[in-house]
Amino acid sequence: MPTPHVTSVATPGLVVTPSDGQRFTRALVALTRAVWHPDCSFDSALALICERAADALRVDRVNVWQYDRDAQRLRCLHDFPAREHAHAGDDTLESLSLEGDDYVSGFEDVRALDAADVRLHPSTASSLSELRRYLERHRIQALLDAPVRVEGELLGVICHECTRGPRQWSHDEITFAGSMGDFVAMAFEIVRRRRAEKEVQHLLLHDATTGLPNRDYLVELLRQRLAAPRAPGDVLAVVHVRIDASGGVALPEDAPTADDVMGQVALRLRQLGSNQAHLARVRADGFAFVLEGSTAQRNAVRLAERCIAAVRGLQWELKDLLPGASVGIAYAGESAERGARLLMRQAESAADRAREHDKFGYQVFDLEHHDALLKRLRLERALRDAPANGEFELHYQPEYDATTQTWVAAEALLRWRQDGRLLAAAEFIEVLESSGQILSLGRWILHRACADAAQWASAPNQVAPTVRVNLSARQFEDATLAADVGDALAASGLAPERLCLEITETTLMRNLDHALGVLQRLKAFGVQVALDDFGTGYGSLVYLKRLPVDVIKIDRSFVDGLPGTTADIAIVKAVFGLAESLDLEVVAEGVERADQQLALQAIGVRRMQGWLFAKAMDQASLCALL
């Protein structure tokens with residue numbers, strides 16, 4: 001039947017009825033605005049869709065079902081009996097078994113399943129007991145059911161049902177019903193997206209290991225509390241709890257990891273939190289509470305004592321394990337003159353000072369240390385600006401084969417050119433570590449060192465020199481490390497065997513199993529791994545036994561005493577003999593005198609690094625050595 005013409009001019013006394021096309025278009029436009037509205041929930045979206053569909057198609061009942069493929073069941077999510085114009089309650093929603101039924105197969109390659117008469121349509125006439133009884137119970141004689149698909153997967157069905165006899169469905173009606181299936185799919189997808197966004201937001205503001213809020217969360221909470229007006233006498237306090245996971249002793253392989261320890265500590269500290277004391281994990285080795293109110297000052301001290309008692313009271317299967325806890329407290333008065341990050345740093349500074357005096361203790365930040373902290377914050381800001389200003393440089397200290405007097409490798413060393421001075425990394429590396437800047441800077445060092453090393457030429461019949469790059473503890477624990485190494489190699493074209501990554505024993509000690517996994521991923525690229533500052537950390541022999549290490553660098557503290565100190569000679573001989581038996585390369589650091597060189601050569605050490613051979617130099621000077 002042709003669609004009747006509807007004039008756009010209203011005539012007095014004449015009721016203008018919109019055509020099917022107009023009615024459907026209006027319903028779709030209204031639904032699009034409503035369903036995409038940020039305040040529209042999943043339930044309200046289904047209610048709107050059912051109402052609009054019932055009105056546009058002029059059917060007696062509309063309902064939405066979720067399909068469980070594994071259980072072969074349909075579960076009703078929303079039911080709208082249009083004649084009653086009232087949405088059914090949750091307690092009346094049904095569930096139907098489709099086991100052995102052909103109903104779902106009727107949705108293949110169609111926008112909607114259109115049954116003009118349910119007694120004759122193949123998908124409903126042959127239905128088994130549950131679906132047939134449903135149709136009979138609700139006196140459904142015709143239906144127009146549309147599949148709900150997301151990325152090709154059938155998630156459910158929206159059913160448009162007639163109880164007043166068979167009904168022939170038009171092409172426009174079938175198309176509109178298919179659109180209703182799309183709208184329900186959209187509602188499913190919006191819910192999935194919002195859930196994913198909520199999970200991402202949770203991950204951004206929470207610590208993955210303990211589930212506690214993280215530093216960003218607590219800083220934002222502090223900002224809000226500092227900005228809000230406070231009553232006279234009210235104080236805002238930060239209580240920082242620094243944990244020494246190992247307790248300062250070397251632990252065996254089967255000892256709990258640092259994450260295990262922090263997880264147990266978190267459980268105990270949670271019990272001390274409350275509505276007035278908000279807890280977060282703010283560092284790899286630290287937690288913090290925020291308190292406020294007229295009693296916050298004395299409550300902070302009590303909380304510090306309770307935190308220490310909680311950590312001291314932890315019971316471990318390993319008898320030698322006794323993690324330490326040092327607590328720092330910082331206050332902000334009524335004027336809120338201190339920013340959130342500054343207040344956090346003050347509490348951390350106080351915890352550092354507490355740790356210097358006692359394994360278990362606390363201190364309150366005082367203004368005597370305020371200037372030093374401000375100086376540190378200014379240094380941190382200057383370091384943040386340094387990359388953009390091109391102030392960072394890489395210098396290289398050569399490593400020589402003492403028997404041939406040729407350089408075979410060079411260690412990349414970070415330098416900061418500021419105000420006409422060239423600063424060594426030791427003067428600012430701790431600030432880079434604690435502020436998190438070391439991650440982005442570490443990627444830059446990797447890329448720059450690989451690019452520079454690719455330009456180093458080798459002498460005839462000699463292997464091209466290796467570049468050694470130090471990895472910080474934060475870099476080693478970062479999930480993107482392997483990808484960063486791969487990117488640096490690919491971008492520079494440097495042969496993987498010419499890159500050696502240096503890692504300290506202390507870094508490896510944090511979690512031996514994690515370290516093993518990381519090193520295996522790095523070794524898969526073909527790069528070398530060096531154990532730096534060997535002998536100064538914990539359980540060195542354990543690491544050599546389990547970890548894929550290529551090079552041992554003997555710490556300069558053992559080289560300093562050569563040749564006169566008997567103990568140092570014995571240690572170097574033992575390290576060299578051990579390395580030789582494990583087929584590891586040995587490099588002696590800090591060689592500054594000829595007698596040290598001779599003593600090392602007498603032991604068998606060939607590779608050396610130190611001022612006796614060369615100081616650190618820039619790329620141009622290094623290339624000139626070739």
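How many cavities of 30 Å³ or more does the count come to? The structure is a predicted model, in which local features need pLDDT of at least 70 and side-chain atom pairs count only at pLDDT 80 or more, while totals for chains, interfaces and linings use all residues. Residues are numbered from 1 along each chain as its sequence is written, and side-chain values use heavy atoms, with hydrogens and water left out.

The count comes to three such cavities, a cavity being a set of points, on a 1 Å grid over the protein atoms alone, where a 1.4 Å probe fits but cannot get out. The largest cavity has a volume of about 80 Å³, that is, the space filled by probe spheres set on the points, which are joined across faces, edges and corners.

Among the residues that line the largest cavity are Trp65, Tyr103, Asp145 and Glu161, lining residues being those with an atom within 4 Å of a point. The elements that give two or more residues to this lining are α4 (129-137), β5 (142-150) and β6 (153-162), and α4 gives the most, with three residues; helices (H or I, at least four residues) and strands (E, at least two) are DSSP runs, numbered from the N terminus.

Turning to the whole protein, there are 21 helices and 20 strands. The C-alpha atoms fill a box of roughly 110 × 75 × 55 Å along the principal axes. Of the 626 residues, 48% count as buried, meaning under 20% relative accessible area with a 1.4 Å probe and protein chains only.

Methods:
On a 1 Å grid over the protein atoms alone, a cavity is a set of points where a 1.4 Å probe fits but cannot get out, and a pocket is an open set with protein on both sides within 12 Å along at least five of seven lines; lining residues have an atom within 4 Å of a point. Buried means under 20% relative accessible area, exposed over 50%, partly exposed in between (1.4 Å probe, protein chains only).
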